[in-house]
Every structure is written in structure tokens, then in C-alpha cells.
Amino acid sequence: MRAIRRYPDAEAVSRAAAQDLVEVARAAIATRGRFCVALSGGSTPRRMYEILAEAPRWARLEWDRVEFFWGDERAVPPDHPESNYGAASALLSKLAIAPERVHRILGELPDAEEAGVRYQAELARVFAAPVDGLPPIFDLVLLGMGPDGHTASLFPYSQALTERRRWVVGHHVARLGKARITMTPPILNRAAEVRLLVTGADKAGVLREALLGAREPERLPVQLVAPEAGRLVWMLDRAAAAELPADRPV
Ligand code: 6PG
């Protein structure tokens, strides 16, 4: 199932996404006793993380029932400015999240493939799932979209796009000239809830192609995000949605 929510600007997207996360978390904790969320990297969610860091003032939530994961990571140490874990660390410390409930991808490992294998083992441990079985089901996966249509670290024409068995892979991304570690379509599409946050005019064209254009997931990896039984909600600001028809659902 796919839905599109439009907001006036990036701030409104961030506020709505923070509120939405709290609501999804509350429901997951009420029904399953905990909330497992995979955070996104990049710049878009940073304001959302700032808002969530203040959540104890406005959100009734048992933060000690929340397990934090990442959908992807750069091949850097956790204190590196490019670290996706690092981008959320202020949030985690403000919420006083216990270290055992923070499951970061070991971007510092010299071998990204090994980091992928280790992360899959960590997922299997936390979800008590067989490491070579079906991917575990996240309560919520947060994703962004790059101006080239990538999501997580699933970049155009990269080998990770065709992965159908492993949940996490470390791979060299030719167009970046760097290694990345990323969740793969099989695990992303097992999630109960997926939120794709896209803001900014620079993404309007590729967003239109991704949503309305031909299906070309090799060129537009974000098109691979299609939860099997879960719900995908695109959260867009007006600038990013500028090339979408305003008068009909897409
Ligand atoms: C990353 C993210 C990546 C990001 C998009 C959008 O590690 O960078 O996982 O997929 O979500 O590149 O990035 P911005 O939010 O900075 O536009």
C-alpha cells in the first residue's frame, strides 16, 4: 500500500515525521512490547532527529522499549562527520538510550562486506531470527531519496540492487568511489511501515520519474521500495512535490 502526504516545507515534514514515528512506536510497543526502527542517513532527517530529541517534553513514549538500527552506513568510524550513526547520536544521548538498544553498523571495519555480515548477524540476534532465513520485520524503516533516485545505499546500477537473499550487504559504490553498507530490498520490503522523506526542489524531477515514470529500478533504485504487506508513505514538501499533479493521487 502506498500513500503520499504533502507538507508546505521541510520543517513541516520533519515535525510530521517525528509525530508519526512516535505514533507508530506507541502502537508497536502496545502490541509487541517494543519498537524496532531503522533510521535513515543523509541530511533530511536531521531536523526530525532534533525534534525527537525533545520528544520527552511532548511525546508520551516508553523510550526504553525502542531499539535503534540504521538502514545504511558509510564506511567510516562512528565519530566521522559522514557517519549516519553519528548524525543520530545527539538524539540517542538526549533520550538516554541504553547502548544495548543502539545497533549501529560497524562502518569502521576495513572490510565493508564483513560489516554487512556482522550487521545481519546482529539483526538475527536481536530479532531472534535464523541468520539465513527470511528477513526480520521492522516496525518502521525511515528512508530518504537522493537526487539520483538512490535510497539507503542502494545506488543506481549497483550490485546491491539485485540482492534477493542477504538482508545487509557491504559493497563498493563505483559512482562514489567508496564502500557503503546497506539494507537490501528484501529486508526493506518486509517492514510493517516505511516512510520516505523527500524535500527540496532538486528532487522534484527524479521524484516525478520515480512515482509516475516507467519502472526502471536499476536507474531509480527508490522504485524497489514496495513493502510486501506493510505500508509505504511518502512524506514530501511542496518543493519536492512540485512536478507531481496536484489534482489527483499518484
Ligand atoms: C545516506 C542515506 C541516503 C539519503 C539520501 C538523501 O546514507 O546518505 O541513507 O540514502 O537518505 O542520499 O540524502 P539527503 O537527505 O541528504 O538529501
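Two strands pair if DSSP finds at least two bridges between them. In this predicted model, such pairing builds an open sheet of 6 strands. The largest nonpolar core holds 83 residues.

- Strand S1 (2-7) and strand S3 (66-70) form the edges. Each of these two pairs on one side only.
- From one strand to the next, the twist averages 20°.
- Strands of a sheet pair through backbone hydrogen bonds, either parallel or antiparallel.
- Strand S5 (residues 140-144) runs parallel to strand S8 (residues 193-198), and 4 bridges link the pair.
- Val141 has Val194 in S8 as its bridge partner.
- Helix H4 (residues 84-94) lies across strand S2 (35-39) and S3. The angle between helix H4 and S3 is about 160°.

**The nonpolar core**

- Five members of the largest core touch the most other members: Phe35, Trp63, Phe68, Phe138 and Trp234.
- Helix H1 (residues 10-32) supplies the largest share of this core, with 10 residues.
- Beyond four places in sequence, its contacts include Leu21, Val24, Ala25, Ala28 and Ile29.
- Phe35 is also in contact with Arg65, Val66 and Glu67, and with Asp139 and Leu140.

**Ala27, in helix H1**

- Ala27 belongs to helix H1.
- Its relative accessibility is 44%, so Ala27 counts as partly exposed. The partly exposed class lies between the 20% limit for buried and the 50% limit for exposed.
- Ala27 and Leu91 stand 64 residues apart in sequence. In space, the C-alpha to C-alpha distance between Ala27 and Leu91 is 21 Å.

**Asp72, in strand S4**

- Asp72 sits in strand S4 (residues 72-74).
- Asp72 is buried, because its relative accessible area is 5% and buried means under 20%.
- The side chains of Asp72 and Ser153 make a polar contact of 2.6 Å.
- Leaving out residues up to four places away in sequence, Asp72 touches Gly41, Asn84, Ile105 and Ala152, among others. Ser153, Arg180, Ile181 and Thr182 are on that list too.

Methods: Residues numbered from 1 in each chain as written. Predicted model: local features only at pLDDT ≥ 70, side-chain atom pairs only at ≥ 80, totals over all residues. Heavy atoms only, no water. Core = buried A, V, L, I, M, F, W, Y, C linked by side-chain atoms within 4.5 Å. Buried < 20%, exposed > 50% of the residue type's maximum accessible area, 1.4 Å probe, protein only. Contact = heavy atoms within 4.5 Å. Axes fitted to C-alpha atoms, helices over the stretch in contact; angles between N-to-C directions. Polar contact = N/O pair within 3.5 Å; in protein donor to acceptor, adjacent residues only side chain to side chain.
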